[in-house]
Number of protein chains: 2
Amino acid sequence: MVLPGGARSGVSQLRRGILQFCVLAMLRDGEKYAFELVRELCDAHGLVTSEGTIYPLLSRLRKEGWVNTVWKESDSGPPRRYYTLTPTGRRALAEFAEEWGPFKTAVDGLLDREGSRE
Amino acid sequence: MVLPGGARSGVSQLRRGILQFCVLAMLRDGEKYAFELVRELCDAHGLVTSEGTIYPLLSRLRKEGWVNTVWKESDSGPPRRYYTLTPTGRRALAEFAEEWGPFKTAVDGLLDREGSRE
DNA sequence: CGGCAGTACCATGCGATACAAGGTACCTGC
DNA sequence: GCAGGTACCTTGTATCGCATGGTACTGCCG
């Protein structure tokens, strides 16, 4: 066990079903490869993730037709698989964004109500 | 199969790990019983849920020591099991609230960036 | 009075998915 | 050529939302 503090807390379960759309959102800006996505999610956004999470996820996105991939050589290291958003993926992202708003509002409404100050 | 349209979309996975804290938040205002929770989550907050979701969830909360329960007779129907928050549960709720903020911000940051309008 | 709907509880099985662990291949430096 | 970093991938496990189905009590209506 000995989880390093990222997966142990409830946040791990929070990522469920959201992470894939975060990835789609990151691809909106342009093509990226998996390792890059992991680093950005970890560093910039505090959404700690490991490769074991991202690869099955990307596999699924590919199977859904939400992303396309191209192999590109790298100057320094093994070739990289770059992911780009498809129109379908872009639409899925937009749909999620529309669901995220009300959902967020509902949760906020439940949490922020400081009714019992007792 | 034939999912009625609430569970099919991505929102179903959104609820993961959040629903239990929504329940805790609802119990903050006072004791409630399971059927009541389902109705409120469904009606008021748009977080569609069914009994099949709530009972295992409450079972878990009880096992974690986050809620206590008391049986009370009802004038019109079978007896009800009322749930109340324990201090531990209250703390868990507070901890989640602290995690929810940054998480929400991170996701918003990724989604709301309307950089590419095309 | 007997069935049916509504209320209220619970358990089981399935599917989705985050994560750890482990494996392969390429490149650079020693 | 071997260690370490980069980069890819697969498999197994645990979690949890949900559908389904089962029990028991109450009240309505035929």
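1. Helix α5 of chain A packs against helix α5 (residues 87-112) of chain B at an angle of about 155°, and their axes are 12 Å apart. The model is a predicted one. An angle over 145 degrees counts as roughly antiparallel, and α5(A) and α5(B) are therefore roughly antiparallel to each other. The crossing in which α5(A) passes α5(B) is left-handed.

2. Which residues meet where α5(A) and α5(B) are in contact? From α5(A) come A:Leu93, A:Phe96, A:Ala97, A:Trp100, A:Phe103, A:Lys104, A:Val107, A:Asp108 and A:Leu111. They meet B:Leu93, B:Phe96, B:Ala97, B:Trp100, B:Phe103, B:Lys104, B:Val107, B:Asp108 and B:Leu111 of α5(B). By class, the contact of α5(A) with α5(B) has 14 nonpolar residues, no polar ones and four charged ones.

3. Helix α5(A) also packs with α2 of chain B, at an angle of about 40° and with the axes 8 Å apart. The two helices, α5(A) and α2(B), are therefore oblique to each other. Here too a left-handed crossing is found, with α5(A) passing α2(B). In this contact A:Val107, A:Leu110 and A:Leu111 of α5(A) meet B:Cys22, B:Ala25 and B:Met26 of α2(B). The residues involved are six nonpolar, with no polar and no charged ones. A:Val107 and A:Leu111 are also listed in the contact of α5(A) with α5(B).

4. Within chain A, helix α2 (residues 19-28) packs with α5(A) at an angle of about 120°, the axes being 10 Å apart. That angle makes α2(A) oblique to α5(A). The crossing of α2(A) and α5(A) is left-handed. On the α2(A) side the residues are A:Phe21, A:Leu24, A:Ala25 and A:Arg28. On the α5(A) side they are A:Gly89, A:Arg90, A:Ala92, A:Leu93 and A:Phe96. The contact of α2(A) with α5(A) divides into six nonpolar residues, one polar and two charged. A:Leu93 and A:Phe96 are also listed in the contact of α5(A) with α5(B).

5. The next topic is DNA strand C. Which of the 28 residues around DNA strand C come nearest? They are A:Arg15, A:Arg16, B:Tyr55, B:Arg80 and B:Arg81. Of the atoms of DNA strand C that come within 4 Å of the protein, 67% belong to sugar and phosphate.

6. For A:Arg15, a polar side-chain atom is 2.6 Å from a phosphate oxygen of DNA strand C. In A:Arg16, a side-chain N or O atom lies 2.2 Å from a base oxygen of DNA strand C. In B:Glu51, a side-chain N or O atom lies 2.6 Å from a base nitrogen of DNA strand C. Elements giving two or more residues to the surface near DNA strand C are α4 (51-64) of chain A and, in chain B, α3 (34-43), α4 (51-64) and β3 (80-85). The largest share, four residues, comes from α4(A). By class, this surface has ten nonpolar, ten polar and eight charged residues.

7. DNA strand D is surrounded by 31 residues, and the closest are A:Arg80, A:Arg81, B:Arg15, B:Arg16 and B:Arg60. For DNA strand D, sugar and phosphate make up 65% of the atoms that come within 4 Å of the protein.

8. A side-chain N or O atom of A:Tyr55 lies 2.8 Å from a phosphate oxygen of DNA strand D. For B:Arg60 the corresponding distance to a phosphate oxygen is 2.7 Å, and for B:Thr53 it is 3.4 Å.

9. Which elements each supply at least two residues of the surface near DNA strand D? In chain A they are α3 (34-43), α4 and β3 (80-85), and in chain B they are α2 (19-27) and α4. The most comes from α4(B), with four residues. The surface near DNA strand D consists of 14 nonpolar, nine polar and eight charged residues.

Key. Residues numbered from 1 in each chain as written. Chains lettered and ligands numbered in written order. Predicted model: local features only at pLDDT ≥ 70, side-chain atom pairs only at ≥ 80, totals over all residues. Heavy atoms only, no water. Near = heavy atom within 4 Å. Polar contact = N/O pair within 3.5 Å; in protein donor to acceptor, adjacent residues only side chain to side chain. Nonpolar A, V, L, I, M, F, W, Y, C, P; charged D, E, K, R; others polar. Axes fitted to C-alpha atoms, helices over the stretch in contact; angles between N-to-C directions. Parallel < 35°, antiparallel > 145°, perpendicular 65-115°, else oblique. Left-handed = near helix turned anticlockwise from the far one by under 90°. Contact = heavy atoms within 4.5 Å.
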